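Q: I'd like to go through this model with you, one piece at a time. Can you keep the definitions brief as we go?
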Amino acid sequence: MSEFKKVVFSGVQPTGNLHLGNYLGAIRKFVALQEGNDCIYCVVDMHALTAQLVHEDMPNQIRSIAAAFIASGIDPERHIVFNQSAVPQHAELAWIFNCVARIGWMNRMTQFKDKAGKDREQASLGLYAYPSLMAADILVYRGTHVPVGDDQKQHLELARDIAMKFNLDYAEHIRKTDYGIDITVGNEPVHAYFPMVEPLIDGPAPRVMSLRDGTKKMSKSDPSDLSRINLMDDEDAISKKIRKAKTDPEGLPSEVDGLKGRPEADNLVGIYAALADKSKADVLAEFGGQQFSVFKPALVDLAVNVLSPITAEMRRLMSDTSHIDAILRNGGERARARAEVTMKEVRDIVGFLY
């Protein structure tokens with residue numbers, strides 16, 4: 001090979017119900033990336049243990065993420081859809097990366113600080129080291145591109161650091177085994193086994209906030225179900241949540257600048273714009289000067305129109321899980337075959353006997 005083949009990788013944790021923010025910020029982008037790319041989409045169930053060790057119904061949580069992928073338009077025949085734990089090579093490479101990564105790098109990870117909270121001594125080792133597993137998730141397929149939001153950019157930089165250190169530490173071994181590719185990092189030539197992963201940022205990703213507090217992200221973990229629109233919500237639930245969404249007394253402005261300092265108004269306009277594939281300016285050109293009593297019903301109609309087909313297909317798939325299980329099984333087999341090619345070469349580079 002004279003260059004790394006473009007491979008797109010991304011994953012979603014099976015923790016709680018998928019919501020509108022997950023769909024607009026990630027899954028819809030996954031669907032678009034299918035055209036012209038080799039895509040691998042993973043339900044990262046091993047990562048889910050860092051959020052909560054004991055899950056009451058992990059199998060159905062895994063299935064629901066896969067169902068959302070398929071219902072949204074991801075083609076599991078053209079691309080790979082699977083769950084992470086079905087491919088043990090992820091964990092195998094993660095251990096090697098644990099030995100490559102430096103403690104100082106992990107200490108800089110802001111997400112660990114946020115998730116561990118004040119009592120970091122009680123946080124699990126898995127939570128601390130999970131960025132290393134995340135790097136392995138991507139690089140076990142020698143993935144080159146990852147669609148990322150702002151909260152994952154730091155982890156992608158870590159994946160690049162790990163890949164680079166592996167390439168440099170094992171430079172002679174990589175040359176001897178003839179598995180490497182000549183690349184340039186900055187102005188430096190590197191004979192690399194792992195690529196320098198690049199973020200895929202296709203325009204500004206919609207940042208969907210809580211319906212109850214426009215300063216906080218829409219979240220699966222928010223105790224109030226009214227804070228989010230779940231992908232499995234029916235029309236009545238969607239209508240109720242949007243109608244009850246927090247707003248302010250003023251009407252909608254005619255210009256985007258008029259949304260400054262109005263987080264709830266900005267959020268609802270942003271949701272409408274994302275669902276309609278329009279800009280906020282376009283939405284305000286249509287609704288500027290109107291009260292929320294006019295805008296909210298229009299947003300309900302739009303959200304129901306976009307989400308109802310996805311919800312119906314998810315419900316159909318989850319009513320008889322044999323089809324989803326078959327997709328995950330097939331995807332796991334195909335993913336394992338590709339991951340094992342990488343791990344066989346990594347074992348040779350490291351010097352393991354097998």
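Q: How many bridges join strand β5 to strand β6, and do they run parallel or antiparallel?
A: Strand β5 (residues 181-185) and strand β6 (residues 188-192) run antiparallel and are joined by 5 bridges; two strands count as paired if DSSP finds at least two bridges between them. Before we go on, this is a predicted model, in which local features need pLDDT of at least 70 and side-chain atom pairs count only at pLDDT 80 or more, while totals for chains, interfaces and linings use all residues. Residues are numbered from 1 along each chain as its sequence is written, and side-chain values use heavy atoms, with hydrogens and water left out.

Q: Switching to helices, at what angle do α1 and α3 pack?
A: Helix α1 (residues 20-33) and helix α3 (residues 58-72) pack at about 60°, with their axes 9 Å apart. Axes here are lines fitted to C-alpha atoms, for helices over the stretch in contact, and angles run from 0 to 180 degrees between N-to-C directions. The two helices are therefore oblique to each other, given that angles under 35 degrees count as roughly parallel, over 145 as roughly antiparallel, 65 to 115 as roughly perpendicular and the rest as oblique.

Q: Which residues make that contact?
A: From α1 they are Tyr23, Ile27, Phe30 and Val31, and from α3 they are Ala68, Phe69 and Ser72, where contact means heavy atoms within 4.5 Å. By class, the contact of α1 with α3 has 6 nonpolar, 1 polar and no charged residues; Ala, Val, Leu, Ile, Met, Phe, Trp, Tyr, Cys and Pro count as nonpolar, Asp, Glu, Lys and Arg as charged, and the others, Gly among them, as polar.

Q: What about α4 and α8, at what angle do they cross?
A: The axes of helix α4 (residues 89-100) and helix α8 (residues 153-169) cross at roughly 80° and come within 10 Å, and these helices are therefore roughly perpendicular to each other. Ile96, Phe97 and Val100 of α4 meet Ile162, Lys165 and Phe166 of α8, a contact with 5 nonpolar, no polar and 1 charged residues.

Q: How far apart are the axes of α11 and α12?
A: The axes of helix α11 (residues 263-276) and helix α12 (residues 280-287) are 9 Å apart, and the packing angle is about 105°. The residues of this contact divide into 6 nonpolar, 1 polar and 3 charged.

Q: Last one: how many helices and strands are in the chain?
A: The protein chain has 14 helices and 7 strands, where helices (H or I, at least four residues) and strands (E, at least two) are DSSP runs, numbered from the N terminus.
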